[in-house]
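Work through the following exercises with the sequence and the model open side by side, and try each task before reading its solution.

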Amino acid sequence: MATITLLQLNDVHGYVDPHPELFELTPGAPFRTAGGIARIASVFRDVRRETAGAVIGLDNGDTFHGTMPAVHTRGMALTAGMSELALDAMTVHWEF
């Protein structure tokens with residue numbers, strides 16, 4: 001039996017760099033460091049290495065908008081980093 005690992009992300013909201021994020025569903029609603037394209041790409045690379053590449057990478061949208069760099073470059077500030085994720089498919093949400 002073959003195993004395929006699904007890697008899914010959404011709601012990047014233009015955050016190229018890690019940022020503090022409120023985790024409301026966690027007891028005490030802490031702020032933790034989240035996101036960052038390079039950080040996410042590192043996780044994707046590690047999982048691909050651990051699974052011998054048996055991975056499908058998906059982005060479910062809300063990616064190319066939301067921060068000043070994303071807005072002022074019309075999403076281009078994220079394209080190099082997003083390419084590092086080697087996604088297999090992407091849907092869109094507020095991108096249009």
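**Exercise 1. Determine how many helices and strands the protein has, and in what order they run.**

Solution. The count comes to three helices and five strands, where helices (H or I, at least four residues) and strands (E, at least two) are DSSP runs numbered from the N terminus. Reading from the N terminus on, the order is β-β-β-α-β-α-α-β. This is a predicted model, in which local features need pLDDT of at least 70 and side-chain atom pairs count only at pLDDT 80 or more, while totals for chains, interfaces and linings use all residues. Residues are numbered from 1 along each chain as its sequence is written, and side-chain values use heavy atoms, with hydrogens and water left out.

**Exercise 2. Decide which residues of helix α3 are buried and which are exposed, and explain how the buried ones are arranged.**

Solution. Begin with the burial classes: buried means under 20% relative accessible area, exposed over 50%, and partly exposed in between, with a 1.4 Å probe and protein chains only. In α3, which covers residues 76-84, the buried residues are L78, G81 and M82. Seen down the axis of α3, these buried residues fall within an arc of 105° (taken from the directions from the helix axis to the C-beta atoms), so they line one face of the helix. M76, A80 and S83, on the other side of α3, are exposed. Next, ask what covers the buried residues: the cover includes α1, β4 (55-59) and α2 (68-72), contact being heavy atoms within 4.5 Å. Just after α3, A86 takes a positive phi of about 50°.

**Exercise 3. Identify the residues that touch the most other members of the largest nonpolar core, and the elements that contribute to this core.**

Solution. A nonpolar core is a set of buried Ala, Val, Leu, Ile, Met, Phe, Trp, Tyr and Cys residues joined through side-chain atoms within 4.5 Å. The largest one has 13 residues, of which L9, F44, L78 and L85 touch the most other members. The elements giving two or more residues to this core are β1 (5-9), α1 and α3, and α1 gives the most, with five residues. In soluble globular proteins, nonpolar side chains tend to be buried together.

**Exercise 4. Find what share of the residues in the protein is buried.**

Solution. Of the 96 residues in the protein, 27% are buried.
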